[in-house]
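Here are my notes on this model, as numbered points. Please read them with the structure open beside you.

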Amino acid sequence: MLRNLLSPVKIGNLELPNRIAMAPMGVEIVEADGKIREPVLKYYEERARGGAGLLISENTAACYPRGANSAHEIGVSSDDFLPGLTALADRVHAAGSRIAIQLAHHGKVGRLDTQQGRELLMPSMPAKQLRPSGPLDLTLEEMGLMAKAAGSEGKPKIREATAQDLEALVSDFADAAQRAQRAGFDAIEIHGAHGYIFSEFHSPAWNFRTDEYGGPVENRARLLCNVIRACRAVLGEGFSLWARIDAIEFGVENGIVPEDAARTAELLEEAGVDAVHVSAYSDPIGPGFTRGPIVHKPSGFVDYAAIIKQRVNVPVIVSGRIEPEDGDRVIREGRADVISMGRKLLADPELPRKLAEDRPEDIRPCIYCYICVAQPFFDRRVRCAVNALAANEIEDAPRLREKTKSPKRVLVVGGGPAGLEAAGVAAERGHEVVLCEKGAKLGGTLRFAALPYEPNERLLDYLVTRVSKLPIDVRLECEVTPDVVREIAPDIVLAGVGPTRAKSTIEGADLPHVFDGDSLRDLLTGQGDSDAESKLSLTGRLAVRAGRLTGLTDDPATLRKASKAYMPLGKSVAIVGGGLVGCELAEFLVERGREVHVFESESVLAQQMAHPRRWRVLHDLREAGAHLHAESEILEITAGAVRFRGRAQGAAEESVPADSVVIAEGLTGNPEMVAALESAGVPVRVIGDASGVGYIDGAIADGFRAALDLD
Ligand SMILES: Cc1cc2nc3c(=O)[nH]c(=O)nc-3n(C[C@H](O)[C@H](O)[C@H](O)COP(=O)(O)O)c2cc1C
């Protein structure tokens, strides 16, 4: 039991029953007029029911539409917004939690200003271009969507804030804070982080002013402190108020440094905050985004929070990929007081309650795939790869909760992510489920995906555990033929039979040192029935057999460790296909000391990864010395080498050494298997990769939907 994390705490006068706060997340469920309606209420209700001590709302626009990041941002700038805001506070209270509102002005990222022809408010005219350097790693479609969301294919117009602008801003924030208080919110958080207006004033990389708002940190923090004082004046002494700040701007020349942030925290305390919420920032386009604010490094901001904690007497809230056990330790060690969790509560809003009930194995884990936060870049509603309900609560929560009135006998074919999700949801809703898996273990392609990427293993464990706790008839090593379907006699078949792999037509693809995804999986996991073992040397065969005999190949974690000592692949490896699978495999191999070349015919690698994760993975691969060949065509695989040519006109033929070659492309749907199942005369619904490759998010969404649609 995580006693520290689950212990009560006070922020000002606000008493929280535990120290888990939902971090603010702009989910863009609100309609384009900034007004809260039922879909938003349901989203928050779900999270309030989940047991978090506090919810911090998504960023809301204190001066809506001015300074808003999107038309889909909640407005707080007039009493027109009051009914929705009041309904939100009421709904969260009725569901048993508390809610702080996060008030924001997006400054240079105020996309709605550009969309509606206003100037972007900034402390100074920027010294650098508002464009990233380095490879973009974005597809043309993504760039188009981002430009559209930004409202400008051309250059945004910028306004250097005048003293009057700043006075008006302070007054607008005080007004919005008072309105939120009237609406029944329990606290106010001023968004002073993430490159928005207050963070720009804070940062010497953006603030070149020579007046009282520029220069030393005391001046750079003045605007935010003025806002706090003005809010305090209207809210009164007993009402909880705090600010979120950047502890550091990673990799930004002349950016915010931790000492600045600590001093700012002291100044904020003097100005009257009841807490400081610590985050961090970087360049928002490119790999910096996954350093801050949406950090990929576990507990990535805790060290900075600890510095600030030493300098203030008010509670410190910290976010940033903090696992519950780590959060518990951070609190025990006195490095922060409250842990704010974002992505994890999208994935499973009931995480706090499950922890309190000592059921951590029932928590649906975030896999840090960045699909959620990729959506707002395109001005789209958030979605979650592992939780298809997230941001769809209005449509699906009632159906999910209600037991079916017409139970069906459901045969789920395939124990991969689509099948596991479908079986789980169907059984939870009261259907009678038989789950058949042809392999000896559940997991399907997810079992292999868990090998290079550890968070996938947590998802695998969660899905398998959930199925094992439900009254599901699980049949392993069960190959489903039409006869088996007839014998089981279901009302419907949900076919999650996985993809098939087209045989590679590359010359040399049949050489002994060439593996495809299936043969590599069979070797590493001891699953499947390919003749991959015959491709190994005697030592290799012995090692792989020993692995199977000792059970070493049973679980991905052990395998990950063991593969650092032995892998059935040579020193230099060529990966043909630089999609999600190829790039994850490349990361895995680079970590195991292999010289890796990745060949991709498209101009952007890892297109199936959400672009923030793609930025991180491709950056790390380049840093680690992997050779990424975009727009390349393989001409031939020979013993010990791969011949290829760039797609650009006149590109010369090249050759790189390759002791082993892995073909990580060519997956397609599985129409033959589906047709075979259909021949049994029972309705069949295809889910997951069998209908076309959709990866984890596609599989989970398909399985979920199919199970909901059973009645
Ligand atoms: C989809 C999404 C939207 C976010 N929107 C906001 C926001 O509106 N305001 C804010 O301060 N932080 C925002 N963040 C950052 C989170 O509050 C949090 O700091 C970050 O996700 C790291 O915490 P985590 O690892 O627990 O997700 C957002 C994060 C995500 C994933």
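1. Start with the shell around the ligand. In this predicted model, the shell residues divide into 9 nonpolar, 8 polar and 3 charged. In total, 20 residues surround the ligand. The closest are P24, N59, R244, R321 and R343. Find these five on screen before you go on.

2. Next, look at single atom pairs. P24 places a backbone N or O atom 2.7 Å from an oxygen atom of the ligand. G320 also uses its backbone: an N or O atom there lies 3.4 Å from a ligand oxygen. S319 uses its side chain instead, with an N or O atom 3.3 Å from an oxygen atom of the ligand.

3. How much of the ligand does the protein bury? Taken alone, the ligand exposes 600 Å². The protein buries 96% of that area.

4. Now zoom out to the whole chain. It is divided into three parts: domain 1 (9–395), domain 2 (404–501 + 668–708) and domain 3 (514–523 + 538–665). Note that domain 2 is written as two segments, 404–501 and 668–708. Domain 3 is also given as two, 514–523 and 538–665.

5. Take domain 1 and domain 2 as a pair. Their C-alpha centres lie 39 Å apart. The contact takes 16 residues from domain 1 and 15 residues from domain 2.

6. How much area do domain 1 and domain 2 bury between them? The value is about 1,300 Å², with 57% of it on carbon and sulfur atoms. On the domain 1 side, R364, I367 and A388 supply 39% of the area buried against domain 2. That is more than any other three residues supply.

7. Charges matter for the next check. Between domain 1 and domain 2 the count is 5 salt bridges. R364 forms a salt bridge with E421, and the closest N and O atoms are 3.3 Å apart.

8. Finish with the interface as a whole. Across it, 8 residue pairs are in polar contact. The side of domain 1 that touches domain 2 has 10 nonpolar, no polar and 6 charged residues.

Definitions and conventions
Residues numbered from 1 in each chain as written. Predicted model: local features only at pLDDT ≥ 70, side-chain atom pairs only at ≥ 80, totals over all residues. Heavy atoms only, no water. Domains from an automatic or database assignment. Contact = heavy atoms within 4.5 Å. Buried area = accessible area lost by both parts, 1.4 Å probe. Salt bridge = Lys/Arg side-chain N within 4 Å of Asp/Glu carboxyl O. Polar contact = N/O pair within 3.5 Å; in protein donor to acceptor, adjacent residues only side chain to side chain. Nonpolar A, V, L, I, M, F, W, Y, C, P; charged D, E, K, R; others polar. Near = heavy atom within 4 Å. Areas by Shrake-Rupley, 256 points an atom, 1.4 Å probe, with all protein chains shown as cover.
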